[in-house]
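Please take a first walk through the structure shown below.

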Amino acid sequence: MDNSIEFILNGQPVTYRGSATARLLDVLRDTYRQTGVKCGCKEGECGACSIILDGRLVNSCMVAMGRVGGSDVLTIEGYALTPQFKVLDAAYASVSAAQCGYCIPGMLLASECVLRTHPNPTEEQIREGISGNLCRCTGYNAIVKAVQSAAKEGAGLW
Amino acid sequence: MLDISRSVAKKDHAPKTNGSAMYVGDFAPDGLLYGQLVRSPYARAKVLGITLPPLPEGYFTVDASDVPGVNQVHIVKDDTPVFAEDTVEFIGDPVLMLVGPNEEEVARLAAAVQVAYEPLPAVTDIQSADTAFFTYQFGRGDVAQAFHTADKVYEESFETGYQEQAYLETQGLMADYVDGKVTVHGSLQCPYYIHGALIKALGLSPDRVRVVQDATGGGFGGKEDYPSILACQVAVAAIKANGKPVRVWFGRREDIEFTSKRHPSLCVYKVAVKDGRVTAMDIDVTFNAGAYTTLSAVVLQRGIIASPGVYEVPNLRVQGRAVKTNTVPNGAYRGFGAPQTFFAVEMMMDHIARDRGEDPLKFKLANASVQGAMTSTSGRYHFPVPLPRMAETVRHMSGYDQKWQAYAAPQTGRYRKGIGMSIWFHGAGFTGSGERDHIKAVTKLHKYADGRVEILASQAEIGQGICTTLCKIVANELNLPLDSVFYEYPDTDRVPDSGPTVASRSLMTVGELLRRAAIRLRSQWRDGEEQVVEEHFTEPDFVIPFHIETFEGDAYPTYAWAACAAEVTVDTLTGVNSLTGVWACFDVGTPMDENIVMGQMEGGLLQGLGYASMEQMAADRQGRIRNNSFTDYIIPTSVDVPVMQVKLHVEEYPHGPYGAKGAGELPLVGAAAAYMAAMEQALGANIRHIPFSAEDALHILTENQKEVR
């Protein structure tokens, strides 16, 4: 029986041979060594394991591999190669928005999704857009500022 | 602004944004074994025997009988066992660890371990505790006389609950044992605390124990003492694992339920007021230590020293005790005992002011200490106390005066508003003589032949930016570009013991040592040569020696100061409140990097606001923590406090690097009191406990209505 699951990981077609009930989070970390995808709770509450699945921000701990066939998966490792990342990364650096760093890969992907939806976001839209990603270090102000600044610096990219 | 305060891109920025930073869970070495602790389901019981399920090849267990040295974890007093032996003392007390190559199989086998217990009577709440691990008292003046001659005497009790550090990366460590040497690495704040604990538990000489920090996903005190316990357990397993590495990495529920938290407290205040001045305080503080002492002695010390708040109290009596309960041991969390007592004293002062019909802020400032005044421990505030100016700043930022007046008028609509303000300090660095007598910090600078300089110290970068700020100090003193100075995650094989990453001490104390080392290196600099300079801690001359037996002297060389206002709207139908604005001013001396300091202030402030209200954690009668997930233990998200504005007030501390002093803990300490003072104004009632829930608000509103009828 063919038990393979084909999907696109960071632009490359891959074939996963394993259980359809495995968590996408575990498969990304263990099988594909995408360790920038962080595990903070495995219950869909913290957002540290956020990835972009077919253009939408999801908690990869809440996705079974069976759902991933034919889908497009973007992790921080893939996102880090894009021009959009470059702008957001510089914006995060300019306000020192990364402290312990554990929420940051997910937070960057959440920021990307905010800017895709709202290229010129209001503060409220930013706060709403990152509200599924917990950060215990920053108090969120620096992250909000970074997204605002990226929207300006990267005008036209989103 | 000093040049050094200008922000730079943090040294550890890139690996943390592109996902390449290696946290303990990210390593996948060959032959990795997974460990799972088997824990007591009883708050107190005798261990009668252990029956293991059949273990497949490659799987094994370790327990107390495998501990090669002493079955005690060295923390302060060493009463925490590595693995429980004859009795278990709390729900979660580890009895053994199951180890093997497949994580799921390890979990299955761990669940199949049968431990026979004989349950024993347990104490699970602070009120019924009958054993005090530590008792202290101190004071001065004639308290009885002051109460006798007072215009009015106020007496109230205050309770505070648990608070979970909720670092985003749960606790985890890895260990291996190769050629007679143990290496432990992972998520931690204090490499040399762990080093010391391993030497004792493993019975190894210091050179056969190595501790290395990995990228660490937050600490906030939670990774101060707990990793010493976990390190001993993992290392014992590694010794039995024949060279294979062993990792224990907690799930979120295990982490919340069984690792250290902020001590719940019960504080009783009796305060004498005469002619508008506080003339005496009689304070009784009880902290719930949990089952073992861990850090409770030092947490309690800081808590009671801070208990009279920022106020000048001529007649003072303070008693404190940390009591044993059969619950998870509580430990370090940002603020370290002071958030409990500052909540109590600030609410107390609010209540007195309201009873007197005064604006609480005016009453507080009229009673606040000034430079040169005596501290609670009869030391001195040697340096400026800028509270009046800082309070002024916050009044303007928040529109306090106008709002306080407006909200003081009777409110009858569904939505009611309030504004409140608190003022506080945080003693910078270790309490008392710890730095001089126990830590004795040593740092080194290693200059390579190519002119690059490496900082050798044991400070852990846990998000607070220490790897950047220390490099900035050294680069500045040596006139080097920041790229030429570097600091790696500490490795006890390579770095001296510059002390733990705690007590808001790293930048102020170790940063100053490194500044002095850099000055020496500059004076001896020889191009093209490898050079090493070493610097040792010396206590500044002005410090009045602190005596822990009497609690007399300077408990801290200096203080960081804070003023904060919070504004709320309460929905009287649901009891739910929203924080419509929070404004704060912090004095942490010269910022070594503006962005980094602002990040510390804003992040700490939000934790302090969470402590007051949404971060609800309760233990049931059996002593089991009920809120063990992010579904039940709610920490603030980006939408919870949309307006949070912080300003810095700079008072240079002449004995810190370029005027810097302790920063990290300050913003959390008194935030809860500002929030609850605002709630009191909106609800028209006194609040005496945190966390304060929507149900609590409804309860007050219902009681008020009964009174009206």
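The largest nonpolar core has 293 residues, and those with the most contacts inside it are B:Val234, B:Ala235 and B:Val474. A nonpolar core is here a set of buried Ala, Val, Leu, Ile, Met, Phe, Trp, Tyr and Cys residues joined through C-beta atoms within 7 Å, and a residue is buried if 20 or more other C-beta atoms lie within 10 Å of its own, exposed if 12 or fewer, and partly exposed in between, with C-beta atoms placed from the backbone. Leaving aside residues up to four places away in sequence, B:Ala235 touches B:Ala175, B:Val182, B:Val184, B:Leu198 and B:Leu202, where contact requires C-beta atoms, placed from the backbone, to lie within 7 Å.

This is a predicted model, in which local features need pLDDT of at least 70 and side-chain atom pairs count only at pLDDT 80 or more, while totals for chains, interfaces and linings use all residues. Residues are numbered from 1 along each chain as its sequence is written, and chains are lettered from A and ligands numbered from 1 in the order in which they are written.

Chain B is divided into domain 1 (24-121 + 169-258), domain 2 (359-430 + 553-708) and domain 3 (434-536), with bounds that come from an automatic or database domain assignment. The centres of domain 2 and domain 3 of chain B, taken over C-alpha atoms, are separated by 34 Å, and 18 residues of domain 2 of chain B are in contact with 18 residues of domain 3 of chain B. On the domain 2 side of this contact in chain B there are eight nonpolar, seven polar and three charged residues; Ala, Val, Leu, Ile, Met, Phe, Trp, Tyr, Cys and Pro count as nonpolar, Asp, Glu, Lys and Arg as charged, and the others, Gly among them, as polar.

Chain A is divided into domain 1 (4-75) and domain 2 (82-153), whose centres in chain A, taken over C-alpha atoms, lie 21 Å apart. Here 12 residues of domain 1 of chain A are in contact with 10 residues of domain 2 of chain A.

Where the two chains meet, the contact takes 43 residues from chain B and 40 residues from chain A. The largest share of the chain B side, seven residues, comes from helix 15 of chain B; helices (H or I, at least four residues) and strands (E, at least two) are DSSP runs, numbered from the N terminus. The side of chain B that touches chain A divides into 16 nonpolar, 21 polar and six charged residues.

Within chain B, helix 8 (residues 338-356) and helix 17 (residues 671-683) of chain B pack at an angle of about 35°, with their axes 9 Å apart; these axes are lines fitted to C-alpha atoms over the stretch in contact, and angles run from 0 to 180 degrees between N-to-C directions. The residues of this contact between helix 8 and helix 17 of chain B divide into eight nonpolar, no polar and three charged.

Some single residues complete the picture. A:Tyr140, in the loop between helix 5 (123-129) and helix 6 (141-153) of chain A, has a positive phi of about 75° although it is not a glycine, and A:Tyr140 counts as buried because it has 28 C-beta neighbours inside 10 Å. B:Val543, by contrast, is partly exposed, with 19 other C-beta atoms within 10 Å. Finally, the peptide bond from B:Ile690 to B:Pro691 is cis, with omega near -5°.
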